[in-house]
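Subject: Handover of a structure and the findings on it

Dear colleague,

Please find below the structure that I am handing over to you. My notes on it follow directly after.

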Protein chains: 2
Amino acid sequence: MRPVVKAIGTLGEFRLAQKIKLSTIAEALGVSTATVSLALRDSPLVADATRQRIKEHAREIGYIYNRRAASLRTSRSGIIGVVVHDIMNPFFAEILRSIETELDRSRQTFLLSNHYDQLEKQRTFIDTLLQLGADGVIMSPAIGTPPQDIRLVEENGLPTVLIARSVEGARVPVFRGDDAYGTGLATNHLISLGHTRIAMIGGTDQTSTGRDRYQGYVDAMGKAGLEIKPQWRFPGPRTKQAGFEIAGAFLALKDKPTAAVCWNDLVAIGLMNGIARAGLVPGVDISVTGYDDLEEAAIATPALTTVWNGQRDVGRRAARVLLDRLNGAEVNPAQELIKPELHVRQSTGKPVER
Amino acid sequence: MRPVVKAIGTLGEFRLAQKIKLSTIAEALGVSTATVSLALRDSPLVADATRQRIKEHAREIGYIYNRRAASLRTSRSGIIGVVVHDIMNPFFAEILRSIETELDRSRQTFLLSNHYDQLEKQRTFIDTLLQLGADGVIMSPAIGTPPQDIRLVEENGLPTVLIARSVEGARVPVFRGDDAYGTGLATNHLISLGHTRIAMIGGTDQTSTGRDRYQGYVDAMGKAGLEIKPQWRFPGPRTKQAGFEIAGAFLALKDKPTAAVCWNDLVAIGLMNGIARAGLVPGVDISVTGYDDLEEAAIATPALTTVWNGQRDVGRRAARVLLDRLNGAEVNPAQELIKPELHVRQSTGKPVER
């Protein structure tokens with residue numbers, strides 16, 4: 001359990017007995033917590049009349065300003081941590097935006113960190129959250145996160161919700177897309193257009209997402225009775241740059257596939273750029289599918305056929321279930337899979353045999 | 001000034017007299033602060049022998065675990081806040097990565113937030129930092145940030161460094177590129193290729209960056225004796241989506257420009273996609289320049305001619321000067337302009353008259 005200090009009395013200039021939060025004052029007066037906070041610090045940013053009203057009300061109900069002292073006596077700090085492996089991927093930016101929209105509604109402050117799939121960085125951030133007395137954490141766990149890391153966080157009193165990736169053995173809610181189903185949709189779409197030689201580019205079997213997306217492709221090929229040659233699998237790429245760089249090796253294959261199922265939209269857009277750089281026309285000479293349906297997919301050249309991955313739903317639902325936990329609700333520590341959808345655009349067509 | 005409590009004695013289970021930080025123990029034993037922190041919480045993640053060693057050393061030197069209590073008695077929390085207007089722009093992701101690399105070296109924890117150019121959000125985050133006892137803040141100030149907001153932050157004991165944008169009247173260090181010089185480079189490059197009808201697309205005159213980039217274009221056109229028609233200025237776009245959407249209006253101009261100087265790489269790439277969608281070839285029918293030289297610029301179709309904006313330098317130098325301030329150094333509260341460079345690629349060529 002998180003250490004709790006029950007101190008009644010005076011420490012320096014701070015009384016430590018009351019359980020009053022900024023939001024209590026904010027709600028009573030119909031102003032934002034930020035305004036309350038600024039007013040209590042005599043900020044010139046708050047109009048005189050408002051400042052007076054806030055300070056009077058605070059005095060009346062016995063509020064003492066100082067969250068650091070305050071956090072010694074209440075169990076809620078108003079802080080939620082969010083840690084993901086790659087803020088640079090717009091997939092996460094879209095998730096973060098919907099998390100933030102939810103948290104804003106309940107006046108939580110949102111602190112963000114990037115762990116770059118380094119366990120040490122993830123632990124340092126969580127450690128900081130624990131030390132700050134944060135209320136909860138939403139995380140896309142770093143590759144190799146052991147379930148005891150998640151358990152430790154929970155045991156220290158920090159409710160946790162996972163997004164995008166699951167950790168086997170961690171008994172907390174997980175929100176992610178149904179990845180195997182999603183790449184199945186993309187692969188079946190290519191098969192229905194007449195493609196029989198289909199590669200899969202990008203992703204890693206070190207994550208649940210990577211394993212599931214690959215499995216969806218393998219299953220769809222198998223069901224259609226199509227062979228998968230080992231050289232058609234290009235594991236690794238997760239960025240545009242990596243997708244662009246793999247194009248050379250992909251186009252140099254002897255029995256060149258006519259289509260590629262890509263790990264995500266970034267890899268797909270990078271690959272299409274690489275195909276174009278080689279003088280071929282993506283969507284005509286080679287069909288390409290993405291995954292995520294980023295805002296950018298619709299405006300790519302050609303517009304990208306991709307799998308909508310429900311990132312806004314993931315963010316909204318993760319934030320809501322965390323807030324429910326903070327409000328004392330029992331929640332189901334299970335995985336919720338959001339059903340993806342195929343969005344067909346210009347980057348896929350009938351195979352061109354040469 | 002930030003309130004400081006000088007309390008000697010015992011508060012609940014915490015002694016409040018010592019000035020010892022996790023990093024003191026970490027350095028003494030040659031382990032990370034995260035390991036020290038986990039060990040002091042009896043985390044199973046730390047090997048038994050290491051945990052024992054750390055706890056013994058901590059006891060010997062009189063360290064008491066609990067940063068919340070600790071922050072009442074020391075002036076350093078080890079936390080640096082970073083707030084920008086748009087994490088989704090890879091320009092910031094590249095800056096953030098270099099800030100983080102610097103802060104990692106001095107074992108600072110990095111808390112990130114997005115203000116989306118909303119003053120209220122920026123204030124709430126800074127307020128949270130103040131209440132957490134953060135050591136400093138690096139910010140790309142929201143549009144409309146009054147200088148007294150920055151002064152208030154400084155007066156509350158939170159050293160501030162600005163990146164990307166300046167705020168007139170705020171006496172703090174600012175690191176940004178020399179934006180007028182940069183768009184001058186791009187515009188002169190187009191002029192030297194023979195273009196005389198050159199548009200400028202994107203950006204806003206509400207920011208120093210927007211004003212300076214527009215001025216650089218205006219000055220270069222003026223020096224070359226070229227006219228600027230009002231309809232050649234498309235203010236606003238800052239994203240790929242917006243660059244893509246403006247293509248229709250741009251291509252429909254009666255005296256259509258043969259080239260466009262774009263506000264940033266995202267707008268330029270979006271515009272090129274829009275030009276391609278209209279059946280024209282960017283880099284041949286219309287020359288396009290970007291700004292920032294994002295990783296993505298080199299792999300775009302066509303590869304983007306753009307202005308390198310020194311974002312890694314901006315991040316590294318901002319972090320260093322903030323750390324210097326924390327270490328008590330006097331720093332010059334002036335603006336440092338990083339000199340941009342033109343990187344010529346495939347998206348610019350001689351004008352094609354129709």
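I begin with A:Ala164, which sits in the loop that runs between strand E6 (160-163) and strand E7 (174-177) of chain A. Helices (H or I, at least four residues) and strands (E, at least two) are DSSP runs, numbered from the N terminus. Please note that this is a predicted model, in which local features need pLDDT of at least 70, side-chain atom pairs count only at pLDDT 80 or more, and totals for chains, interfaces and linings use all residues. Residues are numbered from 1 along each chain as its sequence is written, chains are lettered from A and ligands numbered from 1 in the order in which they are written, and side-chain values use heavy atoms, with hydrogens and water left out.

Backbone features

Most residues other than glycine have a negative phi, and most peptide bonds are trans. A:Ala164 is not a glycine, yet its phi is positive, at about 70°. A:Ala164 counts as buried because its relative accessibility is 11%; buried means under 20% relative accessible area, exposed over 50%, and partly exposed in between (1.4 Å probe, protein chains only). In chain B, B:Ala164 has a positive phi near 70° and lies in the loop between strand E6 (160-163) and strand E7 (174-177). With 11% relative accessibility, B:Ala164 counts as buried.

A cis peptide bond, with omega about -10°, links A:Thr301 to A:Pro302. A:Pro302 belongs to the loop between strand E11 (287-289) and strand E12 (306-308) of chain A. In chain B, B:Thr301 and B:Pro302 are joined by a cis peptide bond with omega of about -10°, and B:Pro302 is in the loop between strand E11 (287-289) and strand E12 (306-308) of that chain.

Two buried residues of chain A

The loop between E11 and E12 of chain A also holds A:Asp293. A:Asp293 has a relative accessible area of 13% and is therefore buried. Which side chain makes a polar contact with the side chain of A:Asp293? It is that of A:His343, at 2.7 Å. A polar contact is a pair of N or O atoms within 3.5 Å; within protein, one must be able to donate a hydrogen and the other to accept it, and residues adjacent in sequence count only if both atoms are side-chain atoms. Residues up to four places away in sequence aside, A:Asp293 touches several residues, including A:Glu94, A:Asp265, A:Trp308 and A:Arg345; contact means heavy atoms within 4.5 Å.

A:Ala260 is part of strand E10 (residues 259-262) of chain A. A:Ala260 is buried, since its relative accessible area is 0%. Beyond neighbours within four places in sequence, A:Ala260 has contacts that include A:Leu190, A:Ile201, A:Phe250 and A:Val288. From A:Ala260 to A:Lys121 there are 139 residues in sequence and 34 Å in space, C-alpha to C-alpha.

Domains of chain A

Chain A consists of domain 1 (22-65), domain 2 (79-177 + 311-338) and domain 3 (179-309), with bounds that come from an automatic or database domain assignment. The centres of domain 1 and domain 3 of chain A, taken over C-alpha atoms, are 55 Å apart.

Yours sincerely
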